[in-house]
Amino acid sequence: MMRARPAGLLRRLLLFILLFSLCFTVLASSVQLYIEYRREMRDIDARMELIRAGYLASLERSLWDLNQEQLNVQLRGLVDFSDVTRVHLSSPDFDLMQGNPQPEGPLRIERFTLDYQPPSGPVRNLGELEVSTDLGAVYKRLYATGLTSLLWMAVFLCGLAIALSGLFYRLVTRHLQVMADFARRIADGEWQEPLHLHKRRSANSDEIDTVADALDDMRRAILSDIERRENDRLALQDNRDELLKRVERRTASLMRAKDEAEAANLAKSRFLATMSHELRTPLNGILGMAELLRGARLDEQNGKRLDALHKAGEGLLTILNEVLYFAKLEEGVSHPEPVDFSLRQLLDEVLTLLEPRALSNDTLLNCRVDPVIAEHYHGAEQFLRQVLSNLLANAIKFTEGGEVSVEVRLLSADSGCQRIRVNVSDNGIGIEPGMQAKIFERFTQASEDVAQRFGGTGLGLAICKHLVEQMGGQIGVDSEVGRGSRFWFELDLQVADASAQLTPIGAGAPAMKILVVEDVALNREVAQGLLERDGHQVWLAEEAGQALQQCAARVFDLILLDVHLPGISGDELCRHIRSHDGPNRCTRIFALTASVQPTLVRGYMEAGMDGILAKPLRLENLRQVLQGQGPADAVADADEAIDWPLLSTHRTLLGEQKVQGLLAVLRGSIVQHREALADALAADDCTEIAHQAHRLAGSSDSLGFRGLAGELRKLEEAALDNDESAIQAITPSVHIHMQRSLLTLEGLLQH
């Protein structure tokens, strides 16, 4: 196929030469015109000088003699000079003019004074001679001369440009075209034909020959590389089967490793879930029995010890939560729940609990409290209790036959807030300087000898550091080996209003008929004792069969149902009660469980339960449910799009601060996914629409926003079916529910 000869380079060269020629012509013509102009001006100056030297004397003589005829002849002679268009002589005696009285063109006017020296006497001024030169004629001659020069020079330079362009085409551009066609053939895979230029090769190669040789060398290099690659391909093909076998073996090994890792992770999750449940179950019995013993008649010392035991059980629950926090960081950071408490009473309870341990270790306990310390504070009493218990227990543990003291000092006070410093000192074994910076790390003890001699997990001080920092304080240690240690922490505590009185939840609820379904005998006894103390009638059942018999025999006001039952689970039992006609189909049912993860709670609510009571069972939570203040309460005119009972249950189980954090996360998730979902809808990307809808639906459902979750699941199903008409029909409703949910979240977060 013949290609049209490109004229780009040649055209640019020709234009460049023409432009240069034009500029040169204009410049040369301008210089020539300037030279001609200067010459004309010099000629005019010469004529004026000639008039001055040769004519003025005779004019002055004729004027003195009053010879008018002679004056006219002389003036006509001046008009005959080249380019002189008018001569005007003015004197007291004459006013003579020769030439054109009204010249049109530009003029150059020279004026000469006429003075005459008589034979005797002074010089006499006779008048003035005015000579006008026509510059228009000069300019016309200059224009004609410049135009002629410009035309001749332009013709010459254009001819030169055409000649140079033709020469450049012959020497360069036609060969460049051949080399370009050669490069295109190389790109198309035609490597066999060498490059041939339409020129005679001389002994001395020029630049065109050098480029042509380089292109041909490239062609030969490509051929050599193709040959080498073909050889390599054949060699690789020979080893392909062996490589495939190795890949299959490696893939199988990786799959086994992946399965083992997933199994290990599943085992970890099961262990944590089992640990949580199994620890909470006996702890339920401990706290329940302590609560029952509070009603017994005990002397002051035993009553004090019982109160300390009950507080210790609650502290043990906090330990469990914090240990699980360190084991499962992905569950989130714990937050202290502020309450009003007495620091002096807290110290007394902790020391009372630890006194038997100190006596067995022959250790003396001392406590000194600054008199200016406030009577009551508002803060994380359980966290503070745990820190004091851990630090004092450690001090007693590592001090034999010595002394352990706790000191509370006021550092500063400002606007109802006091900054205190607590020192826990002992004269025990001490800590080496190199270990003092690491002692607050997880699973770290002072030394291997200490770990073997005294045991322990090394979590106590790490928990203390975490709890103190959660309360906004700081913790540290000063120690010397063999002389003892002093652990200290500082934090700000809000002074409680002395006039404020907490209103405890009492047993003011009317007597109720309550069925407790629990497979652990100790838990049944605890629940029965707590309920009967407030005057309620209690029936007990160990498993689902007995519960169904009890439900068929009488009507209950409340059913407390353990979700982990032998045989039929609590979820299935609740569904059976709700789905079959019977006297307790509409009875309030609450789950008793230590498994309070939001996803599990959602399952309990879907099974038909009205709320959750977390183990260990606490009297105040139980009384809230009995008085109708618990998670079962729902706003009568609540929006059906929000599952308010579920949200209330989350508040009861997780605390208001944790729920507020989850609601803020949901708000941010809705805003983020709304933009991504809008982009996917605009692009008609069904896969991305389904993905975004699925993720947001799960988050919404977990916190009770069931209306939004339902619409998103409809959108997800339509996207999975690639039903564009259904997607368009559902989209407006999704946007409306998103907007309503955001408004609801704003109200909840501001509450």
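Let's start with residues 150-169: this stretch is 100% helix and 0% strand, and its end C-alpha atoms lie 28 Å apart. Helices here are DSSP runs of H or I with at least four residues, strands are E runs of at least two, and both are numbered from the N terminus. An unreviewed UniProt entry gives residues 150-169 as "transmembrane region"; UniProt positions follow the numbering used here, feature names are shortened, and such annotations may be inferred rather than shown by experiment.

A word on what you're looking at: this is a predicted model, where local features need pLDDT of at least 70 and side-chain atom pairs count only at pLDDT 80 or more, while totals for chains, interfaces and linings use all residues. Residues are numbered from 1 along each chain as its sequence is written, and side-chain values use heavy atoms, with hydrogens and water left out.

Now, the sheet. Four strands make an open sheet, ordered S2-S1-S4-S3, with antiparallel pairing; two strands pair if DSSP finds at least two bridges between them. At the edges sit strand S2 (95-99) and strand S3 (107-116), each pairing on one side only. Strand S1 (residues 84-90) is joined to S2 by five bridges, and Arg86 stands opposite Gly99 in S2.

Two helices come in here. Helix H2 (residues 56-64) packs on the sheet and touches S1, S3 and strand S4 (124-134), its direction making about 55° with that of S3. Helix H3 (residues 68-79) lies across S1, S2 and S4, at about 35° to S2. Contact means heavy atoms within 4.5 Å; axes are lines fitted to C-alpha atoms, for helices over the stretch in contact, and angles run from 0 to 180 degrees between N-to-C directions.

On to the inside. The largest nonpolar core has 43 residues, and Leu343, Leu384, Ile420 and Phe489 have the most contacts inside it. By nonpolar core I mean buried Ala, Val, Leu, Ile, Met, Phe, Trp, Tyr and Cys residues joined through side-chain atoms within 4.5 Å. Buried is under 20% relative accessible area, exposed over 50%, and partly exposed in between, with a 1.4 Å probe and protein chains only. Leaving out residues up to four places away in sequence, Ile420 touches Leu343 and Phe489, among others.
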